[in-house]
Amino acid sequence: MKQTRITYSVPYVLWLVFFVLAPVLLIVYQSFTNGSGQFTLENYQAYFSSSTYLKMTFNSVFYAFIITMAVLLISYPTAYLLSKTKHKQLWLMLIILPTWINLLLKAYAFIGIFSQNGSINHFLSFIGIGKQQILFTDFSFIFVAAYIEIPFMVMPIFNALEEINPSLISASHDLGANRWQTFQRVIFPLSLNGVRSGVQAVFIPSLSLFMLTRLIGGNRVITLGTAIEQHFLVTQNWGMGSTIGVVLIVAMVIIMILTGEKRKKGGRRHEKATHKVV
């Protein structure tokens, strides 16, 4: 039995080594080299001493935070209402369905919607407001990014809500709590693990967006992902591009640690949530 487990784990280990560990180590190695392949700390010195790179880092974190908060404000009520509907699996499939469409196709679709001759501006002209510059703005970038990320926030929150024991909600009502108190002291605390997973699934990819910054933001929004693309594909400065990549990886690890699931032994978490109602 043990030999069988080892045999089946070989493909998994090889995948991790060649497609996860090896690329990360290569990026770390290149971040400490210059154009001649010699060891140097110049890339990190240039990064942390440059106001441009530091501002770019702040912009990446700021926009990722805004996108995550917008997605959370939409996704939690959606997941909550979805868990109460009759045909929840059908509605859930409809929410997930847009993820089957290629990201590039969705981006180009929004270019057509938000452009000067798009459907939004046609509607604004029809009601007398006139055409507005919607495309290549912060609003359009955040809107499209949030739209694309919503399914990845809805799913973990929905799963967390579905895992809540209905008897806990019944006990809350029996103890005299109204619907808002039950939600505030029982449902929401027990769904926090889903919220944390959703924040990870949205915030981390939002840190490295680069295609949407070009197509929707019109390069007005400059993030770390955009800088990495520029250094690898345009300036050919792989050392600095790798340095920014390392900073991005560290930022992602920090986010994963901060939003990691905090488990408690036994059923103390459920008991604590129920006792708060009293």
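Modeller: A residue counts as buried under 20% relative accessible area, as exposed over 50%, and as partly exposed in between. The model discussed here is predicted.

Colleague: Why is Glu162 called partly exposed?

Modeller: The relative accessible area of Glu162 is 36%.

Colleague: What makes the pair Lys88 and Glu162 a salt bridge?

Modeller: The test is a side-chain nitrogen of Lys or Arg within 4 Å of a carboxyl oxygen of Asp or Glu. For the side chains of Lys88 and Glu162 the N to O distance is 3.2 Å, so the pair passes.

Colleague: Is Lys88 buried or exposed, and how do you know?

Modeller: Lys88 has a relative accessible area of 18%. The cut-off for buried is under 20%, so Lys88 is buried.

Colleague: How many salt bridges does a search of the whole structure find?

Modeller: Two. One joins Lys88 and Glu162; another is formed by Arg214 with Glu229, whose closest N and O atoms are 2.7 Å apart. Arg214 lies in helix α11 (residues 211-215) and Glu229 in helix α12 (residues 224-234), so this pair ties together parts 15 residues apart in sequence.

Colleague: Which classes do Arg214 and Glu229 fall into?

Modeller: Arg214, at 28% relative accessible area, is partly exposed. Glu229 counts as buried because its relative accessibility is 18%, and the limit is under 20%.

Colleague: Why does Ser83 count as buried, and what is Ser83 in contact with?

Modeller: Its relative accessibility is 12%, and buried means under 20%, so Ser83 qualifies. Leaving aside neighbours within four places in sequence, Ser83 is in contact with Lys88, Phe158, Leu161 and Glu162. Ser83 itself lies in helix α3 (residues 51-84).

Colleague: What span is expected for α3, and what does the model give?

Modeller: At 1.5 Å a residue, 50 Å is expected for the 34 residues of α3. From first C-alpha to last, α3 reaches 49 Å, close to that value. At its N-terminal end the cap is Ser50, with a side-chain oxygen 3.3 Å from the backbone nitrogen of Thr52.

Colleague: What does UniProt list for residues 61-83, and how much helix does the chain hold there?

Modeller: An unreviewed UniProt entry lists residues 61-83 among those under "transmembrane region". In the model that span is 100% helix and 0% strand, with its end C-alpha atoms 31 Å apart.

Definitions and conventions. Residues are numbered from 1 along each chain as its sequence is written. This is a predicted model: local features need pLDDT of at least 70, side-chain atom pairs count only at pLDDT 80 or more; totals for chains, interfaces and linings use all residues. Side-chain values use heavy atoms; hydrogens and water are left out. Helices (H or I, at least four residues) and strands (E, at least two) are DSSP runs, numbered from the N terminus. Buried means under 20% relative accessible area, exposed over 50%, partly exposed in between (1.4 Å probe, protein chains only). Contact means heavy atoms within 4.5 Å. The expected span of a helix is 1.5 Å times one less than its number of residues. A polar contact is a pair of N or O atoms within 3.5 Å; within protein, one must be able to donate a hydrogen and the other to accept it, and residues adjacent in sequence count only if both atoms are side-chain atoms. UniProt positions are given in the numbering used here, feature names are shortened, and annotations may be inferred rather than shown by experiment.
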